[in-house]
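Open the model in your viewer and keep the selection panel at hand.

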Amino acid sequence: MNFLSFLSYEKPYIVLYLISFLISAAIFFTDINGSLAWGTFLYAFALSSIVLIGFLLYRYQQNLRVIRQLERADYDSLSLEGEFAKTHIDELKREHIREMNRIQDRQKEHYDFIVSWFHEIKTPIAVLRLLQQTDMDAGNLREEITKIENYVDQALYYAKLDSFNQDYDIQKCDIIKILKDIVKSHSKTFISKNIRIHIQADMLEVQSDPKWLQFIVNQLLTNSLKYTEPGGEITISISETPQEKQLLIRDNGIGISQKDLPRVFNRGFTGETGRLYSKSTGMGLYLAQQLSNKLGHYISCTSNVREYTQFIVHFPLDSDPFLIMQKTHDE
């Protein structure tokens with residue numbers, strides 16, 4: 001900042017000075033009792049001009065000092081608007097830091113997931129290579145291929161999570177039909193582990209996206225299959241309250257400890273169960289919950305170690321006026 005550009009910002013002070021001086025001069029000249037003394041007038045003008053120049057030089061030095069201290073957080077503002085700008089800039093800096101931290105956390109989580117995903121998918125691939133070198137059992141082959149497909153689906157849906165609003169279609173779905181198709185796709189696993197499946201419902205219509213809902217329910221059922229020991233059972237049932245419809249998936253597997261239960265839907269969380277009984281990315285339940293929330297549903301979980309684990313998918317009751325009108329018209 002040079003002195004001329006500084007003066008352009010100090011115009012209000014200069015105009016105020018000139019107006020004050022002109023008012024004083026007008027009073028001096030209109031005083032009928034006074035005599036015109038041009039020397040005295042010019043002397044007063046010169047003194048006040050020197051005071052103004054001194055004041056402007058002082059303000060200029062103050063501005064230069066503040067400009068040099070802008071990098072410091074404790075610099076002193078010279079005006080009210082400067083103080084406001086300082087506060088606003090400080091808030092912008094804090095928000096920038098928060099956003100950078102969020103981005104870094106997101107990048108770290110993404111990196112952790114990718115690394116974990118690669119480690120996970122290497123296991124079934126290694127098993128397939130071993131099966132290739134021995135007498136290949138069709139049941140084991142299908143099971144390992146299913147694992148690979150599930151891991152690939154997790155990566156695909158994780159990648160689509162941020163652009164979800166561009167790829168969904170809410171419609172009426174029969175979740176029991178969707179669930180039966182999923183059970184059928186896992187039939188070999190049910191047979192090989194001798195796990196019984198009880199579906200205690202014929203139909204449950206909900207408003208959702210069939211494709212995303214299939215992925216959500218598949219993650220819950222896969223989780224139950226993974227942690228239910230051979231000879232166990234999984235029960236599917238439904239419930240309806242005045243506020244919502246519910247899909248209940250309950251198994252009598254190894255369960256989840258009470259200290260881990262509040263965190264089962266956290267990103268990358270595996271807990272004691274995931275560490276002791278099976279390697280896991282900790283992404284299946286996280287993705288299921290996130291997608292459920294985006295569809296207007298949510299998932300809850302209750303469990304006791306060595307007794308049971310129950311996942312409940314909560315669906316709000318149909319409240320779309322168009323769908324209600326359409327249903328009334330059809331009836």
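Buried means under 20% relative accessible area, exposed means over 50%, and partly exposed lies in between (1.4 Å probe, protein chains only). Select Glu91: its relative accessible area is 34%, so this residue is partly exposed. This is a predicted model, where local features need pLDDT of at least 70, side-chain atom pairs count only at pLDDT 80 or more, and totals for chains, interfaces and linings use all residues. Residues are numbered from 1 along each chain as its sequence is written, and side-chain values use heavy atoms, leaving out hydrogens and water.

Glu91 sits in helix α4, residues 80–133. Helices (H or I, at least four residues) and strands (E, at least two) are DSSP runs, numbered from the N terminus.

Select 5 strands, in the order β2-β4-β5-β7-β6: they form an open sheet with mixed pairing. The edges are β2 (196–199) and β6 (298–304), each pairing on one side only. Two strands pair if DSSP finds at least two bridges between them.

Zoom in on β2 and β4 (residues 233–240): they run parallel, joined by 4 bridges. His198 stands opposite Thr235 in β4.
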